[in-house]
Amino acid sequence: MDFHFLDCIRRTKQKTALTREEINAMVQGIVSEPLIPDYQLAAWLMAVCCNGLTDEETAALTMAMRDSGQVMQWNLDGPVADKHSTGGVGDKTTLILAPIAAACGIYMPKMSGRGLGHTGGTIDKLESIPGMRTNLEPEEFLRIVKKVGCAVAMQSGSLAPADKKLYALRDVTATVDSIPLICASIMSKKLATGADHILLDVKVGSGAFMKNDADAETLARLMKKAAEADGRQCTCILTDMDRPLGCCIGNALEVQEAIQVLRGDARNDLGELCLTLAAELLRMTGIEEIECRQKAEDALYSGKALERFAMMLEEQGGNPKIIDDTALLPQAACSRVLKAPQSGWIASMKSEEIGLASVRLGAGRMTKADAIDPAAGIVLHVKPGTEVLPGQPLLTMYAAGEAQLDDAEHLLMQAVAISREQPQILPQIHAKI
């Protein structure tokens with residue numbers, strides 16, 4: 001086929017569907033010579049973001065990206081499952097869910113990414129642990145999964161390499177929030193990882209890429225359709241991201257909070273969501289629904305999940321001593337407490353603004369080349385629905401210097417709304433598909 005990528009850009013800009021052959025050729029041009037230049041890919045990504053793709057184009061892009069590298073095959077003595085979150089603020093569920101699943105007899109080979117925009121990335125969180133390696137070759141990835149039951153790795157060059165290229169470009173071209181691109185990115189990796197059971201945590205709200213339930217359901221159904229077309233079982237759970245998940249935002253801070261939950265401090269929004277997701281994974285693998293929640297709780301409160309987490313750290317080069325002493329994690333040089341200017345109720349804590357403030361503190365990236373400060377971030381002392389008095393601490397910022405604290409403070413004060421009346425708080429789980 002005579003392929004000219006400029007024609008693809010033009011046709012997507014004009015809302016004319018590309019053929020499967022053209023999409024296959026495009027993906028081939030992302031990973032092999034002659035390479036499509038970044039500036040042309042960026043133009044096409046923007047055209048997709050503005051005009052979308054048809055369901056058929058999205059499916060073709062997903063499968064082409066899956067097939068751009070190795071598709072893993074598993075031969076294990078138990079169910080193989082995967083979970084993915086569409087991105088949120090304070091979402092460290094993988095660090096808790098994967099060990100719970102492993103302690104329940106589910107194998108979870110988890111491939112994760114770095115932060116995108118105002119949302120954090122699981123790989124960035126794990127790499128804040130001294131010595132932790134996330135760049136695992138497939139053979140080592142398999143070995144750790146077999147031994148521990150779970151492993152969390154950065155997307156390797158051999159698995160969905162086309163997505164790795166597009167993923168980085170989306171972050172710096174304001175094209176992160178395109179539903180077709182999100183679907184293709186997530187599902188190409190999920191399908192390449194080879195899990196039979198895929199659980200998708202679709203975030204919805206101010207801190208998510210999907211701002212409302214309608215868009216979140218559209219994305220969920222598109223991803224579920226892609227999974228089932230490839231013969232995989234898939235469940236989507238829509239969860240709230242109008243407020244941050246948990247109390248910590250920032251890489252080492254979120255690791256510390258995940259350890260607290262794994263120690264048994266799970267009677268909070270983060271722990272509750274992780275147990276709900278774990279129970280759903282167990283149900284998907286054939287456990288009687290009435291037993292699933294109890295099995296998940298037993299794995300957490302018995303300490304078995306924490307043991308799996310420690311094993312995973314050790315196998316991936318991380319320091320397992322952080323479980324007993326979180327002070328071994330990176331510590332920020334500067335901090336500042338923001339206090340309530342008046343009495344009332346915390347009506348809202350805008351997740352997107354809080355996420356952007358954490359980026360300004362150094363916990364995320366403004367450009368693809370930016371380095372992350374693993375110790376930077378925010379700890380919330382109150383959540384929506386909390387009654388506060390004047391001068392009561394609302395949150396603490398952590399950064400390398402006073403300039404970053406100054407930069408984030410104004411944005412954070414705008415993100416927290418205090419009202420005179422007690423607000424109604426939306427449930428954490430919006431829907432299950």
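Modeller: In this predicted model, a residue counts as buried under 20% relative accessible area, as exposed over 50%, and as partly exposed in between.

Colleague: Is Arg-114 buried, exposed or partly exposed?

Modeller: The relative accessibility of Arg-114 is 27%. Buried residues are under 20% and exposed ones over 50%, with the remaining class in between. Arg-114 therefore counts as partly exposed.

Colleague: With which residue does Arg-114 form a salt bridge?

Modeller: The closest N and O atoms of this salt bridge are 2.9 Å apart. The pair links distant parts of the chain, 13 residues apart: Arg-114 is in the loop between S2 and helix H6 (122-126), and its partner is in the loop between H6 and helix H7 (138-148).

Colleague: How many residues apart are Lys-165 and Asp-38, which link distant parts of the chain?

Modeller: Lys-165 and Asp-38 form a salt bridge, with their closest N and O atoms 3.2 Å apart. Lys-165 belongs to helix H8 and Asp-38 to helix H3 (residues 38-51). Lys-165 is partly exposed at 24% relative accessibility, and Asp-38 is partly exposed with a relative accessible area of 32%.

Colleague: Are H2 and H8 roughly parallel or roughly perpendicular to each other?

Modeller: Helix H2 (residues 20-31) packs with helix H8 (residues 161-171) at an angle of about 80 degrees, and their axes are 8 Å apart. Angles of 65 to 115 degrees fall in one class. H2 and H8 are therefore roughly perpendicular.

Colleague: How many residues of the contact of H2 with H8 are charged?

Modeller: H2 and H8 pack with their axes 8 Å apart. H2 brings Val-27, Ile-30 and Val-31 to the contact, and H8 brings Pro-161, Ala-162, Lys-165 and Leu-166. Of these residues, six are nonpolar and none is polar, and the number charged is one.

Colleague: By about how many helical turns are Asp-7 and Arg-10 separated?

Modeller: The side chains of Asp-7 and Arg-10 meet in a salt bridge of 2.9 Å, N to O. Asp-7 is partly exposed at 34% relative accessibility, and Arg-10 is partly exposed at 37%. Because Asp-7 and Arg-10 are three residues apart in helix H1 (residues 5-13), the separation is about one helical turn.

Colleague: Is Ser-112 buried or exposed?

Modeller: Ser-112 is in strand S2 (residues 108-112). Beyond residues up to four places away in sequence, Ser-112 touches several others, among them Thr-122, Val-152 and Met-154. The relative accessible area of Ser-112 is 5%, and the cut-off is 20%, so Ser-112 is buried.

Colleague: Which residue has its side chain joined to that of Ser-112 by a polar contact?

Modeller: This contact joins two side chains. The length of the contact is 3.1 Å. The residue joined to Ser-112 is Lys-110.

Colleague: Near what value is the phi of Lys-15?

Modeller: Most residues other than glycine have a negative phi. Lys-15 lies in the loop between H1 and H2 and is exposed, with a relative accessible area of 64%. The phi of Lys-15 is positive, near 65 degrees.

How values were computed. Residues numbered from 1 in each chain as written. Predicted model: local features only at pLDDT ≥ 70, side-chain atom pairs only at ≥ 80, totals over all residues. Heavy atoms only, no water. Axes fitted to C-alpha atoms, helices over the stretch in contact; angles between N-to-C directions. Helix = DSSP H or I, 4+ residues; strand = E, 2+ residues; numbered from the N terminus. Parallel < 35°, antiparallel > 145°, perpendicular 65-115°, else oblique. Contact = heavy atoms within 4.5 Å. Nonpolar A, V, L, I, M, F, W, Y, C, P; charged D, E, K, R; others polar. Buried < 20%, exposed > 50% of the residue type's maximum accessible area, 1.4 Å probe, protein only. Polar contact = N/O pair within 3.5 Å; in protein donor to acceptor, adjacent residues only side chain to side chain. Salt bridge = Lys/Arg side-chain N within 4 Å of Asp/Glu carboxyl O.
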